[in-house]
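Here is a short report for a reader meeting this model for the first time. Look over the sequence and the fold, then read on.

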Amino acid sequence: MKLSANKSIFLVLFGIFILQLFFLFNSIDFYGGADNITHFRTARYAFKYPWLFLDQWGKPVYTALVFPFSLLGIQFARLFNVLVGLAAIVLTIKIIRLSNEKFNLLPVFFIAFSPMYFLLMQSCLTEILFSFVLVLSFWLFFSEKYYWAAAALSFIPFVRTEGIVIFPIFILALILAKKYWAVPLLLIGSLFYSLVGYPHYHDWLWIFHQMPYSLGKSVYGSGSLFSFVQQSPNIFGWPFLAGLIIGLIVWTFRILKSLKLAEKPFLFYFLIVGSFLTYFAAHSYVWWRGTGGSLGLIRVIAAVVPLAAIIAMVGFNSILSRIKNTTFRIILIFAIVVLQLVVPFKQHHLPLPIERPQA
């Protein structure tokens with residue numbers, strides 16, 4: 001008997017959940033090193049020291065949401081990321097179903113088994129929550145809930161500070177959709193935290209004055225402008241990366257052939273591809289210039305992995321659509337999935353041993 005698409009998705013997600021639980025409770029080390037402990041302790045003691053809910057290094061939104069989990073211990077704080085990562089995958093599926101693209105399970109495996117996303121789902125780091133807020137905002141936008149979308153995205157700088165680079169892309173998308181009154185709602189997150197933090201800091205602009213990252217020269221040094229490009233196989237894995245490159249080329253040519261700025265296909269392309277490239281380029285730039293407190297850590301790109309997975313699906317769909325033989329098409333999909341599944345296990349010793357170097 002054939003399984004329905006929703007049942008297939010549920011079974012795959014449940015399998016990913018069980019796998020993540022196994023590694024979560026059997027790994028000795030945490031990917032991301034001491035940052036995990038700091039995020040956990042910030043949330044764990046925030047009730048005792050309420051100013052920690054405002055700590056901008058700890059990220060106020062992450063601290064507030066992970067706080068109840070942290071009371072049960074670091075393993076449950078890490079479980080928070082597993083649940084949020086799975087929710088981000090579900091929202092990515094919902095975005096795809098609102099598009100004109102034919103859905104298959106490839107994006108699910110691309111996200112869940114990209115090496116960085118796989119490891120960060122077992123961590124207390126903020127990239128996974130960032131990816132969730134991002135796809136939540138985009139799903140609301142594509143569902144034509146523009147005001148809710150802007151309100152949700154307004155909090156993303158308080159999940160990861162660099163989320164601000166998504167704002168110009170989102171503002172242009174709102175203008176193209178002629179939803180001008182949604183633009184001011186991007187201030188909601190900043191206004192909320194300005195008000196909440198005023199009694200402690202006695203400064204309406206504390207969110208700027210307490211910023212932990214300097215725009216000047218970073219003590220961490222700098223690197224190649226193409227550092228993240230060169231390390232892309234370690235971020236995505238080769239099957240995912242191949243689809244991503246093909247998708248960027250195919251989708252761009254497709255849009256250029258029929259350039260209608262205010263219509264749904266262009267808005268999908270503009271928001272998803274535009275946000276991915278902007279975020280990727282921003283991190284490449286600050287590491288190259290040695291500014292913004294950048295360490296050149298490749299894990300930061302995990303924050304936009306769901307967007308990359310949609311692009312990769314477009315790439316592989318362009319190939320699959322040219323294959324008329326159904327059996328061969330299924331074999332190809334299966335082969336891509338298997339190749340992506342093994343990537344995290346080939347790149348990393350799992351479960352994580354103690355004192356492994358961090359990237």
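Ser123 touches Tyr31, Asn36, Ala77, Arg78 and Asn81, leaving out residues up to four places away in sequence. Touching, or contact, means heavy atoms within 4.5 Å. Ser123 sits in the loop between H6 and H7. Helices here are DSSP runs of H or I with at least four residues, strands are runs of E with at least two, and both are numbered from the N terminus. Ser123 counts as buried, at 0% relative accessibility. Buried means under 20% relative accessible area, exposed means over 50%, and partly exposed lies in between, with a 1.4 Å probe and protein chains only.

The side chain of Ser123 also makes polar contacts with backbone atoms. It reaches the backbone oxygen of Leu120 at 2.7 Å. The backbone nitrogen of Leu125 lies 3.1 Å from a polar atom of the Ser123 side chain. A polar contact is a pair of N or O atoms within 3.5 Å; within protein, one must be able to donate a hydrogen and the other to accept it, and residues adjacent in sequence count only if both atoms are side-chain atoms.

This is a predicted model: local features need pLDDT of at least 70, side-chain atom pairs count only at pLDDT 80 or more, and totals for chains, interfaces and linings use all residues. Residues are numbered from 1 along each chain as its sequence is written, and side-chain values use heavy atoms, with hydrogens and water left out.

**The whole chain**

The protein chain has 18 helices and zero strands. Its radius of gyration is 20 Å, close to the 21 Å that the globule rule gives for 359 residues, so the chain is as compact as a globular protein of that length. That radius is taken over C-alpha atoms, and the rule is 2.2 Å times the number of residues to the power 0.38. Along its principal axes, the C-alpha trace spans about 65 × 50 × 45 Å.

Buried residues make up 52% of the 359 residues. Take the contacts between residues at least 6 apart in sequence: 78% of them join residues at least 24 apart. The chain has 26 positive and 10 negative charges, and their mean positions are 12 Å apart. Lys and Arg count as positive and Asp and Glu as negative; His and the chain ends are not counted. Each charge is placed at NZ of Lys, CZ of Arg, CG of Asp or CD of Glu.

**Ser70 and helix H3**

Ser70 belongs to helix H3. At 0% relative accessibility, Ser70 is buried. Its side chain reaches the backbone oxygen of Phe67 at 2.6 Å and the backbone nitrogen of Arg44 at 3.4 Å. Not counting residues up to four places away in sequence, Ser70 touches Phe40, Ala43, Arg44 and Ala77.

Which residues of H3 are buried? They are Pro60, Val61, Tyr62, Thr63, Val66, Phe67 and Ser70. The buried residues of H3 pack against H2, H4 (74-98), H7 and H10 (188-201).

**Tyr117 and Ser131**

Tyr117 is in helix H6, residues 115-120. Ser131 is in helix H7. Both count as buried, Tyr117 at 0% relative accessibility and Ser131 at 1%. Their side chains make a polar contact at 2.8 Å.

Leaving aside residues up to four places away in sequence, Tyr117 touches several residues, among them Gly85, Ile111, Ile128 and Val305. With neighbours within four places again set aside, Ser131 is in contact with Ala88, Tyr117, Ala302, Ala303 and Pro306.

Most residues other than glycine have a negative phi. Lys59 has a positive phi although it is not a glycine, and Glu144 has one too, again without being a glycine.
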